[in-house]
Amino acid sequence: MSNEFYRLRVNGVDHEIRDAWTGESLLYVLRERLGLPGTKGACEQGECGSCTVIMDGEAVCSCLVMAATAVDADIVTVEGLANDGEPTDVQQSFVNAGGVQCGFCTPGLIVAVHHLLDRNPTPTDLEVKEAISGNICRCTGYGRIFEAVRQVRDARAADAS
Amino acid sequence: MSITNATTVDEALAALRANPLARLIQGGTDLMVEVNLNRTKIEDVVSLRRVAELRRWHVDEESNTLRLGAGVPYAEMERAPLCDYVPALAEAARTVGSPQIRAAGSLGGNLGTCSPAGDGLPVVSALDAVVHLRSHDGSRDVSVHDFMIGVKRNARHTDELIVAVTVPLVTGFQGYAKVGTRNAMVISAASACLVHDAAAGAVRLALGAVAPTVVRTRAAEAWLASETSLIGTPSVSEALAKEFGARAAAECSPIDDHRSTAAYRRHAISVLAQRLLLRAAAGAAVHHGGNR
Amino acid sequence: MRERQMRADMATSPNTTISASTGTTTDRSTRSRHGALGTSALRPDGLPKAQGRFAFSSDAWADNMLWGATLRSPHPYARIVRIDTSGALAINGVSAVVTADDVPGKLTYGLIASDQPVFARDYVRYAGEPVAAVAADHPETARRALEAIVVDYEVLTPLTDAEAAIDLTRAAIHPDGNVIRRQRIVRGDQHLVGEIVVEGTYEIGMQDQAFLGLEAALALPDDDGHGVELFVATQWLHEDQKQIAACLNLDPSRVRLTLGGVGGAFGGREDISLQVHCCLLALVTKRPIKMQYGREESFYGHIHRHPATIFMRHHADRDGTLRRVESRLVLDGGAYASTSSAVLINAVTHVQGPYRCENATVDGYAVRTNNPPCGAMRGFGVVQACFAHESQMDKLAAACGLSPVDIRLKNAMRTGDKLITGQVVESVAPVERCIRETAALPMPEALAVAPDPLEIPGGSGLTAQRANIRRGVGWGVSIKNLMYSEGFDDYATARCHLANGVATLQFATAEVGQGFVVLAQQIARSVLGVDTVLLEPISTDIGSAGSTSASRQTWMSGGAVDGACRLVRERLFAAVAGQHGLDPLRLAIDGTDVVDTLGSLRISVTDASRGLSFDETFEHHHRKTEELDENGQGNCHVAFAFVAHRAVVDVDPELGLVKVVQVATAQDVGRVLNPLAAIGQIEGGIAQGLGLAVMEEIVLRDGKMRNPSFTDYLLPTALDAPDVIATMIEEPEPQAPLGAKGIGEPPCISVTPAIVAAIRAATGRELPRTPVRPYDIVFGP
């Protein structure tokens, strides 16, 4: 193990990571070293999206990011989407629409949906589906998740107008 | 164990020179899978994530080419303005993994790994792309056909970096198609890229996932050129397209594996080749990447 | 009123439309106020899960903890000659290495037969079988420790052909023999030959539960070394407790389990996976042990759905009336028995499907091979039988010149009809309604002239254009038993405490995502008139709730919570009655008040319970069932639920690619307790059934899994999900404590044959096997 350290900026806070093994993924570091277990791992291969975080403005699989290479990146996890501990509109909508069952896929989906709506506030239904096609849900069959996203999209559009 | 988070190509090359066994990592979508699954032990790593030069692309109007940095993510290839220059690349980019994978994966990564199923590879093959390599001692350009040697084997020397790929900007139809069992996050059972160079009067077809490396169906291409004029929109009957498909399929050597069978893959290629040629003949409107 | 509420809830959902078909009167004693039964009450763990605050078992952490890891056999069948752990122990950071020699109690475990070793001793019988485990200071150290353990194997030829396993002259691969169970059903005329006879041999591949929340647990040893505490994601805490205690030679009272958050189960957590290993390492090292599986290990670490080969022959009159069914079923149980015995019984007793049939000749085997072990998965044997009988019904329809709908209507079971086991179906059995109401749901629009690529098979792969696509429609109908069978008393326990207007519930019911936690709150709100319902941690501190499986928890744990709340309500009424000199029988709950139905007294439940404390525990048992006799006759099931599915698919026949466009369904639910939760089960189950129809299969070669990863074991994505339209048929089930039937399994059962039937219609292919692969469509049969 290396005795050096590297810095990561997560949810606006700088962290020093010490005594880490080179191969640790960002997912591992978030969960096991930084006390941020909200991001989940379900496949270790980027095939399920449970580990989705925002890195430099892009939604990526944190299991495929070598943590020690993520220096100088701006990382946002599900814990960092809201400032005050209150749920975001996306989080509340997932609950209201029945889009949460076991909840394991939920953090990754929440992050992916925030990312989608931030860059495309008025996605069509197909654009929503394609945007979350990298997030596997085994419980819901996606119907209530589509509904949750629709509700946020429409509510935000109503607020904007 | 060491990590070099290079910010310039020179820094990366210096690190590689000092440690020829160092593993290169760009988006991590190949290497981290190996690490996570304990299939490879890593000691030293050179990360290219912060090398800005690798993420740039530009169009050279004089030579009518596009030079694409090896680190440009697939997500950017899907989007405007890049997607308008090489539509087949945008189409292929859209099929890479998931949106999260596309944000990280790159052509440099595909070429570095050199799996015959790499989604961008049939496109660069059909476009007769040139791969730009650089080392501490200099640089060299290699035709993509000479670069892709075999299954996960390429012509890169251990002290070299893939810095960019140059493709010609071609007028005429170009299209990509990929077959898989699911409607998203598909590992290709068979893929194909067809480029119709209307000015030069040539049709070029490259196949993925059906041989140890990407296949250019030169015999089928030559046969087609002898059967019909390829300058401007070609005239292609159903029967001609079907024959073209059969000939293309004859040039691949697919295997049976847990994903599919050789017989299916060969059949799929014949269908894809046929359909792509008919689209070229119809002057089909191209499907672009979806995320503009 | 219920009907209006549900339509209002669903009005904003164009993708899925729900309608409620109420059959009989509602329960007048409780209005459906906010949060009570019948409303889409929000689940209490929803926000924590959405915010990433909810603790799954993989999020558990303890100071001073070590990481455990498991060494598994690479061979499907081998004799263990020697195990040398010295290399692992020599690695810096490794605290312990354990093998079969270190198991202090029972060396084997199992849900029905105790035939599965904690660690393999003399033989390994499947690729992936645990041989040893280590504890180390970092997961990477643990991995290196595993690599340093040397195991000498004498590799043997594995038995991988299920049919060959039936041959009793063949060498047994296990002391219990190669046939786990055989069950015949012999009823009625064994020689009847119908005017119309259709037959076929059908194959169902090995599906995996693929729950996202990977196996994980944290074990904390007691200071005296004679007990252990375990946080674990599982389906049945008390069954785990029992098995752990036996293997570790501990008193069960000293094995305390708390449910760690569960990321889905679908049957895959009913068997022990890492529980004993984790606890053993904790006792040996005297430190907390965390164990978690990666995805590949998860495939090796839990049981799968039984692959099956099923021959069926249906005999009918010329007009399509079903007269006799013959069947031979072979289920491959893999190396260890798990619940194969019970899965077989489900399969053979559901062979006739939801249809009247008086004559049956059935022979079913669950066999042992060196393939990966199989056990419970949502549907539990009925999935396999249903694929076969629905494929047969379509063949029968064609042979009789009837439509797929009409052949099923003609033979539809009704309450009072008998199964081929002789059991009278006493449950509400609205099979005809299920079919008719499904047929009444609108068909999808025709494919657009220039459809978006994402709307057609091949998706962004751009393989097809509109002219390449053919559309097909297919049907499937099924019957599914609820709760455990063959005399098993799978009771459930719950405790209710009421004080100062706040109810607290305690139960050991495993919440795996299905939403029992919100249902329990709704029950308490309805029965007691409280708004605030707190939930104690789910643990073995209270009696067993049985397994979260078999579509049983709404009925059983719901019944237990309901029973405990009613006992508390009785006590509350007695207190109020005593205070006011009233007969307690006059009292009722109205909204959040206690009211005198014959007078003017109205007092809030909060006031009525102020300063008082009521605490009641209730066990809910279902009625007794019987074992089957040697002819498969007996009342072995508790109750049944029914469902119909209609699937519309688009196919590119030249490439064999499929897109499931729409699934319409009418499901017999008894009573809708939470519309949002109910539609979630329906849509989720349909997705799993779709997976088995077109993409999910563990591929084996010589006993080894070839695709233990999400790269090659494909789960449906958001782009694979069809539009779902659902009708929930409400004819309250008199046997069920809340009138509601279990709804978890039916959605995933008949949707698979419906989809395959639709592909057959679009392509003309016979497709006797599921999942259907592109090459099946292209090359046939």
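In chain A, R9(A) stands opposite D74(A) in β5(A). I start there because strands of a sheet pair through backbone hydrogen bonds, either parallel or antiparallel. Two strands count as paired if DSSP finds at least two bridges between them. Helices (H or I, at least four residues) and strands (E, at least two) are DSSP runs, numbered from the N terminus.

Some housekeeping. This is a predicted model, where local features need pLDDT of at least 70, side-chain atom pairs count only at pLDDT 80 or more, and totals for chains, interfaces and linings use all residues. Residues are numbered from 1 along each chain as its sequence is written, chains are lettered from A and ligands numbered from 1 in the order in which they are written, and side-chain values use heavy atoms, with hydrogens and water left out.

Back to chain A. Strand β1 (residues 5-10) and strand β5 (residues 74-76) of chain A run parallel and are joined by 2 bridges. V10(A) has I75(A) as its bridge partner in β5(A). On β2(A), β1(A) has an antiparallel partner, with 6 bridges between the two. There the bridge partner of R9(A) is D14(A). β1(A) and β2(A) make a hairpin with 2 residues between them, and N11(A) in the turn has a positive phi of about 50°.

The whole sheet is open and has 5 strands, in the order β2-β1-β5-β3-β4 of chain A, with mixed pairing. At its edges are β2 (13-18) and β4 (58-61) of chain A, each pairing on one side only. From one strand to the next the twist averages 40°. Axes are lines fitted to C-alpha atoms, for helices over the stretch in contact, and angles run from 0 to 180 degrees between N-to-C directions. Contact means heavy atoms within 4.5 Å. Helix α1 (residues 26-33) of chain A packs on this sheet, touching β1, β2, β3 (52-55) and β5 of chain A, and its direction makes about 85° with that of β1(A). Helix α3 (residues 106-119) of chain A also packs on the sheet. That helix touches β3 and β4 of chain A, at about 40° to the direction of β3(A).

One residue in this chain touches both other chains. E24(A) is in the loop between β2 and α1 of chain A. Its relative accessibility is 3%, so E24(A) counts as buried. Leaving out residues up to four places away in sequence, E24(A) touches V29(A), R33(A), V65(A), M66(A), A67(A), M32(B) and H138(C).

Now the interfaces. Between chain B and chain A, 32 residues of chain B are in contact with 34 residues of chain A. Buried area is the accessible area (1.4 Å probe) that two parts lose on being put together, summed over both. For this pair that is about 2,700 Å², of which carbon and sulfur atoms give 55%. R49(B), Q100(B) and M185(B) supply 24% of the area that chain B buries against chain A, more than any other three residues. For chain C and chain A, 65 residues of chain C are in contact with 54 residues of chain A. About 4,600 Å² is buried there, with 58% from carbon and sulfur atoms. Q51(C), L212(C) and A718(C) supply 14% of what chain C buries against chain A, more than any other three residues.

Chain B has an open sheet of 3 strands in the order β1-β3-β2, with parallel pairing. β1 (2-5) and β2 (23-25) of chain B stand at the edges with a single partner strand each, so one side of each is left without a neighbour in the sheet. Helix α1 (residues 9-18) of chain B lies across β1, β2 and β3 of chain B, at about 155° to β1(B).

Last, chain C. Strand β31 (residues 723-730) of chain C has 7 of its 8 residues buried, so β31(C) is largely enclosed by the rest of the structure. Strand β28 (residues 657-668) of chain C pairs with β31(C) in the parallel sense over 7 bridges.

Terms used: Buried < 20%, exposed > 50% of the residue type's maximum accessible area, 1.4 Å probe, protein only.
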